[in-house]
Amino acid sequence: MEAKDQTAAGLHFVGKKEELIRAKRSFRTLEDRDILIIYHEGVFHAVDSYCYHAGGMLQNGDIEEINGKMCIICPKHKYKITLAEGECLYKGKDPREKHPVTRWYSKGVKQRIHVVTESDGNVFVKLSVSPAWIESDYYQGEKGKEERAKAEAAEKENPITEDDD
């Protein structure tokens, strides 16, 4: 694909396949949107890089299979976000059941997910064009950026240590 074709199709070159596989996780800014590209178990994923809940960086989050879905766990507040849909999962009980059993439930789509394609050893991301507001959109906007900057500054002033937990 030529550069003109990529732009016309909405595709953004994000790197060579082998480099992204070695890195496992890569941060890119595409059209003023911060994206995390993840390579896990043979599949590329692209998600908004800041957690929908409080803007925490997802880059260092663990990846686990939860309820049959691959999820990234926000390192800040432990929210579980599916890599395929951006759905937030939580464990709970339905109090209306006679004998409530703990199981996984969905809070719905909270994290914007982007399409990843490969061509001739190159990897491209097409940003989501869904017009619906998704909660992770907040941390891509100006107010969200300001809030993230304040939180980072506060964290530097009062770093959390292992003993604080």
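This report describes a strand sheet, aromatic and charge contacts, and salt bridges in a predicted model.

## Basis of the model

Residues are numbered from 1 along each chain as its sequence is written, and side-chain values use heavy atoms, with hydrogens and water left out. The model is predicted, and local features need pLDDT of at least 70, side-chain atom pairs count only at pLDDT 80 or more, and totals for chains, interfaces and linings use all residues.

## The open sheet

An open sheet is formed by 5 strands in the order S5-S6-S7-S8-S9, with antiparallel pairing (strands are DSSP runs of E, at least two residues, numbered from the N terminus; two strands pair if DSSP finds at least two bridges between them). Strand S5 (63-66) and strand S9 (103-109) stand at the edges with a single partner strand each, so one side of each is left without a neighbour in the sheet. On average, neighbouring strands of this sheet are turned by 40° against each other, direction ignored (axes are lines fitted to C-alpha atoms).

Within the sheet, strand S7 (residues 80-82) pairs with strand S8 (residues 87-92) in the antiparallel sense over 2 bridges, and Ile81 stands opposite Cys88 in S8.

## Aromatic rings

The whole structure holds 5 aromatic pairs (rings of Phe, Tyr and Trp, the last by its six-membered ring, with centres within 6.5 Å; planes under 30 degrees apart count as stacked, over 60 as edge-to-face and the rest as tilted). One of them joins Tyr39 and Phe44, whose ring centres are 4.8 Å apart and whose planes stand at 55°, so the pair is tilted. Tyr138 and Tyr139 form an edge-to-face pair, at 4.9 Å centre to centre and 90° between the planes.

Arg148 lies over the face of Tyr50, at 3.6 Å from the ring centre (a charge sits over a ring if NZ of Lys or CZ of Arg is within 6 Å of the ring centre and within 35 degrees of the ring normal).

## Salt bridges

A search of the whole structure finds 8 salt bridges (a side-chain nitrogen of Lys or Arg within 4 Å of a carboxyl oxygen of Asp or Glu). Among them, Arg96 meets Asp94 with the closest N and O atoms 3.0 Å apart, and Arg103 meets Glu97 at 2.5 Å, N to O.

Glu135 and Lys110 also meet in a salt bridge, at 2.6 Å, N to O. This pair links distant parts of the chain, 25 residues apart, with Glu135 in the loop between strand S11 (122-126) and helix H3 (142-157) and Lys110 in the loop between S9 and strand S10 (113-119). A network of salt bridges links Arg33, Asp48, Arg112 and Asp137.

Notes: Helix = DSSP H or I, 4+ residues; strand = E, 2+ residues; numbered from the N terminus. Axes fitted to C-alpha atoms, helices over the stretch in contact; angles between N-to-C directions.
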